Amino acid sequence: MPKLSRRAVQALLTGRYAALGGRTLCQRGRNLLTIASRYSREELLAEPGVGPKTAQEIRLWVETQLQSQQPEA
């Protein structure tokens, strides 16, 4: 399972949707998937420090996390 880079985590913890994950950094850290799932690619690219590579990293991480949560058929 891929891990997020420090740059990606920082962008999510402080970005426009960070408050959806909670009031504290600890709460937000536990809810990164909730936060990351809200972003469109364009919104990710608008966050400070996020370029195309980091945006792609976050999108792939979200997809992987969502797939691992689905029950096997």
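Buried, as the word is used for residues here, means under 20% relative accessible area, with exposed meaning over 50% and partly exposed the range in between, for a 1.4 Å probe and protein chains only. The model is predicted, with local features requiring pLDDT of at least 70 and side-chain atom pairs counted only at pLDDT 80 or more, while totals for chains, interfaces and linings use all residues. Residues are numbered from 1 along each chain as its sequence is written, and side-chain values use heavy atoms, with hydrogens and water left out.

Helices are DSSP runs of H or I with at least four residues, and strands are runs of E with at least two, numbered from the N terminus. Thr54 has its place in helix 5, and its relative accessibility of 9% is why it counts as buried. Apart from neighbours within four places in sequence, Thr54 is in contact (heavy atoms within 4.5 Å) with Arg7, Ala8 and Gly49. Glu57 also lies in helix 5, but at 23% relative accessibility this residue counts as partly exposed. Not counting residues up to four places away in sequence, Glu57 touches Lys3, Leu4, Ser5 and Ala8, whereas its C-alpha atom is separated by 25 Å from that of Arg23, 34 residues apart along the chain.

Val50 is found in the loop between helix 4 and helix 5, and it is buried, with a relative accessible area of 8%. Although Val50 and Ala11 are 39 residues apart in sequence, their C-alpha atoms are 7.1 Å apart in space. With neighbours within four places in sequence set aside, Val50 is in contact with Ala11, Leu44, Leu45 and Ala55.

Helix 1 spans residues 6-14, and its buried residues are Ala8, Ala11, Leu12 and Leu13. The elements that cover these buried residues include helix 2 (25-30), helix 3, helix 4 and helix 5 (52-69).

A nonpolar core is a set of buried Ala, Val, Leu, Ile, Met, Phe, Trp, Tyr and Cys residues joined through side-chain atoms within 4.5 Å. The largest such core has 17 residues, of which Leu4, Leu12, Leu44, Ile58 and Trp61 touch the most other members. Helix 1, helix 3 and helix 5 are the elements that give two or more residues to this core. As for Leu44, its contacts, leaving aside neighbours within four places in sequence, are with Leu12, Tyr39, Val50, Ala55, Ile58 and Arg59.

## Tyr39 and its partners

Tyr39 is found in the loop between helix 3 (32-37) and helix 4 (41-46), and at 3% relative accessibility it counts as buried. When neighbours within four places in sequence are left aside, the residues in contact with Tyr39 are Ala11, Leu12, Gly15, Arg16, Tyr17, Leu44, Glu47 and Arg59. Of these, Arg59 is 20 residues from Tyr39 in sequence and 8.9 Å away in space, C-alpha to C-alpha.

The structure holds one aromatic pair, where rings of Phe, Tyr and Trp (its six-membered ring) pair if their centres lie within 6.5 Å, and planes under 30 degrees apart count as stacked, over 60 as edge-to-face and the rest as tilted. The rings of Tyr17 and Tyr39 have centres 4.8 Å apart and planes at 80°, so the pair is edge-to-face. Because Tyr17 lies in the loop between helix 1 and helix 2 and Tyr39 in the loop between helix 3 and helix 4, the pair ties together parts that are 22 residues apart in sequence.

## Charged side chains

A salt bridge is a side-chain nitrogen of Lys or Arg within 4 Å of a carboxyl oxygen of Asp or Glu, and by this rule the count comes to one. The bridge joins the side chains of Arg16 and Glu47 at 3.3 Å, N to O. Arg16 lies in the loop between helix 1 and helix 2 and Glu47 in the loop between helix 4 and helix 5, so the pair ties together parts that are 31 residues apart in sequence. The side chain of Glu47 also makes a polar contact with the side chain of Tyr39 at 3.1 Å, a polar contact being a pair of N or O atoms within 3.5 Å; within protein, one must be able to donate a hydrogen and the other to accept it, and residues adjacent in sequence count only if both atoms are side-chain atoms.

The accessibility of residues in these pairs is listed below.

| Residue | Relative accessible area | Class |
|---|---|---|
| Arg16 | 47% | partly exposed |
| Glu47 | 10% | buried |
| Tyr17 | 18% | buried |

Glu43, found in helix 4, is buried yet has no salt bridge, and the nearest side chain of opposite charge, Arg16, is 4.1 Å away. For charge, Lys and Arg count as positive and Asp and Glu as negative, while His and the chain ends are not counted. Not counting residues up to four places away in sequence, Glu43 touches Arg16, Tyr17 and Arg38.
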